[in-house]
Amino acid sequence: MARWMPVAAARPAMSLPWWRWLASTDSLTARLIAAGEGRKFQVCLLRQSVGDVFADEAMALGIGRRRYAWRREVALCLDGTPWVVARSVAPLTQLRGQRLEALGERSLGSWLFQQPSLVRGPLEVSTQPPRFTHVETLWGRRSRFQHAGMLLLVQEYFLPAMADALALPSR
């Protein structure tokens, strides 16, 4: 099971530049575009499916381990290089016509942050790599979003390419 902790509890182990990325509650898409300084931003859809979820995801969403959910995995790229990989999970019973499957290569954040009733839960962080793809990561973060009766868990993992491009420390 992934080990997640409140972002504030991890603060002593992270540098100020990483704190600014991991503790921010605004749109990661917007932050990446700004930090990219003219680099072309692109969402690369890795996988989208319906199926069961990891135990820690089920617990975070308050659903049974074997309940089906919508799952979407993407890479957020700048000039074709992945900087972040992300996984979003929502219980099928709560989607209520949100048509998230139609996002394609549009960023989930570009949709989420336009919703007037959006509520974001507390941020949690982890230094463990994601289980949905085999990449080296420096930090991961996740939070729950609530909108119109729907819960959505969004997990974002920051890659070394981003740290290198932005001259961020390793932690």
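Colleague: How many cavities of 30 Å³ or more does the structure hold, and what makes a space a cavity here?
Modeller: The structure holds two of that volume. A cavity is a set of points, on a 1 Å grid over the protein atoms alone, where a 1.4 Å probe fits but cannot get out, and its lining residues have an atom within 4 Å of a point. The volume is the space filled by probe spheres set on the points, which are joined across faces, edges and corners. This is a predicted model, in which local features need pLDDT of at least 70 and side-chain atom pairs count only at pLDDT 80 or more, while totals for chains, interfaces and linings use all residues. Residues are numbered from 1 along each chain as its sequence is written, and side-chain values use heavy atoms, with hydrogens and water left out.

Colleague: What is the volume of the largest cavity, and which residues are closest to its centre?
Modeller: The largest cavity has a volume of about 210 Å³. Its lining comprises 18 residues, of which Thr 29, Leu 108, Gly 109, Val 154 and Glu 156 are the closest to the centre. Elements that contribute two or more residues to this lining include helix 3 (28-35), strand 7 (139-147) and strand 8 (150-158); helices (H or I, at least four residues) and strands (E, at least two) are DSSP runs numbered from the N terminus.

Colleague: Which residues line the second largest cavity?
Modeller: Phe 54, Glu 57, Arg 87, Pro 130, Arg 131, Phe 132, Gln 155 and Tyr 157 line that cavity, which holds about 30 Å³ of space.

Colleague: Why is the pair of Glu 57 and Arg 87 called a salt bridge?
Modeller: A salt bridge requires a side-chain nitrogen of Lys or Arg within 4 Å of a carboxyl oxygen of Asp or Glu. The closest N and O atoms of Glu 57 and Arg 87 are 2.6 Å apart, so the pair qualifies. Glu 57 lies in helix 4 (residues 55-61) and Arg 87 in strand 4, so the bridge ties together parts that are 30 residues apart in sequence. Both Glu 57 and Arg 87 are buried, a term for under 20% relative accessible area, with exposed being over 50% and partly exposed in between (1.4 Å probe, protein chains only).

Colleague: What other salt bridges does the model contain?
Modeller: The search of the whole structure finds nine. Among them, Arg 141 and Glu 156 meet at 2.6 Å, N to O. Arg 141 lies in strand 7 and Glu 156 in strand 8, so this pair ties together parts that are 15 residues apart in sequence. Both Arg 141 and Glu 156 are buried.

Technical notes
On a 1 Å grid over the protein atoms alone, a cavity is a set of points where a 1.4 Å probe fits but cannot get out, and a pocket is an open set with protein on both sides within 12 Å along at least five of seven lines; lining residues have an atom within 4 Å of a point.
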